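Me: Hi! Could you walk me through this structure in plain words?

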Amino acid sequence: MAKNDDKQNLPFLKVSNSEKHFLPQDPLFKEVFTNKEFIRSLLTELLPIRSLNSLDFSKMELMSSNFVRDSLDIKKLRELYNDLLWRIEWQEGSYTYLCLLLEMQSKPDVSMAKRIADYILGLYNHLESGGKIKARQRYPFVLPVVIYNGGRRWNVPLNLGELIADVPKDLERFRINLPYELIDIRHFKKAILKNGVSSWFIRLLNSEGSDDFTKAVRKLQQLLSRKDQRAIHKILTFLISYLREQKELEAQDGMDVLDEVDESTMTDDWVVAWYKRIEKGDKAKEAKLKAKCMAEGRAEGRAVGRAEGRAEGRAEGEAIGEKRGKTEGRLEGILNATLSNLKNLVTWRYGSVPSEVSGCLDAKKKDLSFLEQAMKWVLDCPKIEDFKKKLKEYDGSADAV
């Protein structure tokens with residue numbers, strides 16, 4: 001498959017004149033939440049409602065939601081909603097509706113409870129006008145679920161009744177009680193996540209480093225390997241390709257373009273903000289590894305230096321000889337241990353120590369400040385050629401590298 005085939009088949013990708021890509025998440029999430037396996041996983045894994053396990057997910061049907069505009073007769077109301085409506089049967093034959101409202105903005109919508117009330121009333125009006133509900137027949141149950149992927153916590157009312165002004169206690173019984181279920185992706189409790197598609201999708205979106213991201217991708221690829229999961233698997237493949245392009249774009253520009261992105265821009269650049277979180281996690285891990293390597297190198301150098309200093313001090317004799325031996329032994333031990341750690345680090349980073357690099361390091365084995373600086377270069381340079389360049393630049397004494 002050609003590199004851009006997935007983009008051509010996914011119409012929600014927009015490319016500006018400057019060639020910078022923007023991936024609005026509303027339509028992409030719609031693609032994800034039209035997958036039956038994902039909806040089954042969502043209801044049975046993420047919602048603490050045991051009775052949902054009694055639904056017959058083999059008979060799910062994705063319904064049109066144009067009724068929101070038509071039945072309420074409000075101009076362009078439909079455009080305010082990013083929704084999906086599923087009709088799902090219970091195992092005994094009756095049915096219910098699952099209303100998914102995808103809230104992909106960077107902050108919560110305080111009017112969400114009223115929006116859901118409008119939506120449910122619009123559905124009931126539509127069913128009545130279409131003859132789906134007869135006289136004296138009860139309305140079907142609607143389960144409203146809000147999916148939110150913003151950076152701020154969802155701190156607005158989860159019930160329409162909380163939006164209504166206070167009244168005397170004897171009027172409280174007339175207050176409308178219409179709650180909705182919330183799945184706040186960015187702040188979802190990890191302890192609730194399980195081993196299904198929706199749980200790993202949330203882990204993927206909350207990746208805090210390449211290791212987390214890669215693990216989530218591999219689990220999703222396993223879970224979505226069947227032929228009937230090709231649509232959502234295609235979206236996953238596209239997301240991975242898109243993240244890689246962001247990294248390539250950053251490298252080509254020679255600057256950290258992610259520094260220009262913050263949570264307030266998630267409406268347009270949510271994938272860039274996601275990539276920024278992954279990069280931040282990687283940099284933190286690399287810094288921790290660098291500090292650990294330096295600390296271990298110094299500790300080993302001190303230990304070897306003390307041991308060799310004592311041995312050589314005793315061999316040198318007493319008095320001045322012993323004192324000089326200890327001093328020189330410590331220094332020699334530190335230098336030897338640091339050189340050894342440096343070569344081990346080069347092998348770990350690049351696979352081997354080229355002969356010219358080994359010769360350069362041996363030539364400077366008496367220079368402790370050089371050896372410690374070289375260890376930092378290894379951690380900072382992704383390629384052996386970059387490391388060689390650093391060696392050449394160091395006081396012009398390594399021209400043979």
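**A chat about the fold**

Reply: Happy to! Strand β4 is largely enclosed by the rest of the structure, because six of its eight residues are buried. Keep in mind that this is a predicted model.

Me: Which strands make up the sheet, and in what order?

Reply: There are five strands in an open sheet, ordered β3-β4-β5-β6-β7, and the pairing is mixed. At the edges sit β3 (55-63) and β7 (181-184), each of which pairs on one side only. On average, neighbouring strands of this sheet are turned by 25° against each other, direction ignored.

Me: What does "mixed" refer to?

Reply: Strands of a sheet pair through backbone hydrogen bonds, and they can do so in a parallel or an antiparallel way.

Me: OK, back to β4. In which sense does it pair with β3?

Reply: Antiparallel: β3 and β4 (residues 83-90) are joined over five bridges. Along this pairing, D56 stands opposite E89 of β4, and M63 has L85 in β4 as its bridge partner.

Me: And how many bridges link β4 and β5?

Reply: Seven bridges, again with the strands in the antiparallel sense.

Me: Switching topic: which residues of α13 are buried?

Reply: In α13 (residues 384-393), the buried ones are F387, K388 and L391. Looking down the axis of α13, you'd find these buried residues within an arc of 100°, so they line one face of the helix.

Me: Nice. What's on the other side of α13?

Reply: E385, K389 and E393 are there, and they are exposed.

Me: Last one: where is N344, and what is its relative accessible area?

Reply: You'll find N344 in helix α10 (residues 320-350). Its relative accessible area is 49%, so N344 counts as partly exposed, since "exposed" needs over 50%.

Me: How far apart are N344 and M375?

Reply: In sequence, N344 and M375 are 31 residues apart, and in space they are 10.0 Å apart, C-alpha to C-alpha.

Key. Residues are numbered from 1 along each chain as its sequence is written. This is a predicted model: local features need pLDDT of at least 70, side-chain atom pairs count only at pLDDT 80 or more; totals for chains, interfaces and linings use all residues. Side-chain values use heavy atoms; hydrogens and water are left out. Two strands pair if DSSP finds at least two bridges between them. Helices (H or I, at least four residues) and strands (E, at least two) are DSSP runs, numbered from the N terminus. Axes are lines fitted to C-alpha atoms, for helices over the stretch in contact, and angles run from 0 to 180 degrees between N-to-C directions. Buried means under 20% relative accessible area, exposed over 50%, partly exposed in between (1.4 Å probe, protein chains only). The arc is that of the directions from the helix axis to the C-beta atoms.
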